[in-house]
Amino acid sequence: MVWTGPQTRPRQTDVARAAGVSQATVSSVLNGQASGRRIPPETIEKVERAIRTLGYVPDVIARSLQGMSNQLLGVHTYESMFPIDHHDYYQPFLLGIEEEAEAAGYDLVLFTSTRDEEGVRRVYKNGTNRLKVADGCIFVGIRVDKAELRRLAAEDYPFVFIGKRDIPGIDLHFVTGNYADSTAQVVHTLADLGHVRIGHLQQRDRDEPRQDLARGRRRGLADRGLPAVRPVVAEPGAIGPTTLRGLLDSRLTAVLVDNAVQAAALGKAARAAKLRIPADLSVVVLQDTPPPNPQRSARDWTCLRMPRVELGRLGVRLLLSLLNGSAGTAPLVAQCGFHPGATIGRPRTI
């Protein structure tokens with residue numbers, strides 16, 4: 001059997017035609033009612049073979065209109081999430097997703113079979129939206145494919161992003177942390193300690209959450225009437241004594257860094273230069289991503305605690321609201337925590 005119909009996605013009628021049965025029979029097989037309706041095993045096998053051959057995926061929207069649900073929530077990321085451990089970036093998100101889905105009586109499907117020839121996972125494979133085996137889907141991760149997400153939105157498929165995303169032309173549902181407000185509060189804390197020149201060591205990738213961090217820094221400086229210092233863009237592998245000396249030559253007494261990988265590199269540079277954190281330079285980590293081994297250190301960094309578990313929970317809640325038609329237009333926001341740590345103090349005398 002070869003699919004030759006005009007639709008980009010095969011329908012139940014196409015499965016019925018390929019299997020030589022009625023659409024009611026196909027529906028019974030899909031809904032697990034074949035035995036109750038005494039459909040012969042050989043007929044069930046013909047229907048299942050046609051489903052596999054055509055690449056048919058049940059239309060979640062149509063099923064919901066009929067009052068049916070798969071009771072499945074999908075989880076998709078364009079990056080690989082495994083292997084994970086308790087230090088991993090993704091693990092807390094997944095923990096929150098799992099807890100909330102279990103409490104709501106839903107199973108989870110992790111989509112891993114859509115990798116293309118370039119090694120990137122896709123929503124659409126061979127023209128088929130694989131996500132539709134689930135009632136709706138949660139997206140986790142840094143990468144996005146804007147064209148795929150626009151197509152998903154056009155299909156009215158329910159999905160939620162964990163992390164702020166802004167894609168022109170579509171109303172995207174997402175959950176996020178209060179990153180801008182929290183970063184402004186960090187700047188206030190440093191100002192209260194007496195810091196006047198506060199810098200920012202950024203990574204090159206400026207996704208929407210990191211843009212919120214930068215926005216919060218600018219707001220915090222403006223709140224206290226402090227000078228705006230041009231951020232330094234440096235990947236972790238490029239951070240060394242020269243980077244550190246440049247920060248100090250700019251008369252900075254405190255610096256915000258985007259994540260703990262950068263902070264670990266900055267700490268290594270400080271040890272090599274025999275400079276002390278925080279005596280010579282206060283450091284705050286804005287995203288407490290644990291650095292990978294062997295860079296992980298025992299230093300107690302002052303940092304914002306990203307509410308990853310809570311974001312996972314909120315993502316499921318928002319998706320379920322979409323499925324039952326009660327979702328609002330405003331994103332759900334989780335509060336960041338602040339860990340005082342041991343890497344900030346009063347500024348050195350300049």
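What kind of unit do β5, helix α6 and β6 make? I find a right-handed β-α-β unit, with α6 at residues 146-154. Right-handed here means that, with the strands pointing away from the viewer, the path from the first strand over the helix to the second runs clockwise. Helices (H or I, at least four residues) and strands (E, at least two) are DSSP runs, numbered from the N terminus.

**Ground rules.** I am reading a predicted model, where local features need pLDDT of at least 70, side-chain atom pairs count only at pLDDT 80 or more, and totals for chains, interfaces and linings use all residues. Residues are numbered from 1 along each chain as its sequence is written, and side-chain values use heavy atoms, with hydrogens and water left out.

**Confidence.** I looked up pLDDT, the predictor's confidence in each residue, from 0 to 100. The protein chain averages 84, and 85% of the residues score at least 70. Helix α7 (residues 179-192) has the highest confidence at 96, while helix α4 (residues 60-65) has the lowest, a mean of 49. Over residues 1-7 the pLDDT stays under 50, and the model has seven contacts beyond four places in sequence for that stretch. Contact means heavy atoms within 4.5 Å.

**Whole chain.** I get eleven helices and 14 strands for the protein chain. Of its 350 residues, 47% count as buried; that is under 20% relative accessible area, with exposed over 50% and partly exposed in between (1.4 Å probe, protein chains only). Among contacts between residues at least 6 apart in sequence, 71% join residues at least 24 apart.

**The parallel sheet.** I traced six strands in an open sheet, ordered β2-β1-β5-β6-β7-β13, with parallel pairing. Two strands pair if DSSP finds at least two bridges between them. At the edges I find β2 (107-110) and β13 (332-334), each pairing on one side only. Neighbouring strands are turned by 25° against each other on average, direction ignored.

Then I went pair by pair:
- β1 (residues 72-76) runs parallel to β2, with four bridges between them, and Val75 faces Leu110 in β2.
- β5 (residues 136-139) is joined to β6 by three bridges, also in the parallel sense, and Cys137 sits opposite Phe159.
- β6 has two bridges to β7 (residues 174-177), again parallel, and Phe161 is opposite Phe174.

What covers β6 (residues 159-162) on its faces? I see Phe159 and Phe161 on one side and Val160 and Ile162 on the other, all buried. In a regular strand the side chains alternate between the two faces of the sheet.

**Back to α6.** This helix lies across β5 and β6, at about 145° to β6. Axes are lines fitted to C-alpha atoms, for helices over the stretch in contact, and angles run from 0 to 180 degrees between N-to-C directions. I picked Arg150, which lies in α6. Is Arg150 buried or partly exposed? It counts as partly exposed, because its relative accessibility is 35%. Leaving aside neighbours within four places in sequence, Arg150 touches Ile167, Pro168 and Ile170.

**The mixed sheet.** I also traced an open sheet of six strands with mixed pairing, in the order β9-β8-β10-β11-β12-β14. Here β9 (232-233) and β14 (337-339) stand at the edges with a single partner strand each, so one side of each has no neighbour in the sheet. β8 (residues 198-202) and β10 (residues 254-259) run parallel, joined by four bridges, and Leu201 has Val257 as its bridge partner in β10. Helix α10 (residues 260-272) packs on this sheet, touching β8, β10 and β11 (282-287), and makes about 130° with the direction of β10.

**Two helix checks.** α2 (residues 23-30) packs against α3 (residues 41-54) at about 85°, their axes 10 Å apart. So α2 is roughly perpendicular to α3, the class for 65 to 115 degrees (under 35 is roughly parallel, over 145 roughly antiparallel, the rest oblique). Among the contact residues I list Val26 and Leu30 of α2 and Ile44 and Val47 of α3.

Last, Glu100 in α5 (residues 91-104). Glu100 is buried, because its relative accessible area is 18%. Beyond four places in sequence, I find Glu100 in contact with Arg313, Val316 and Arg317.
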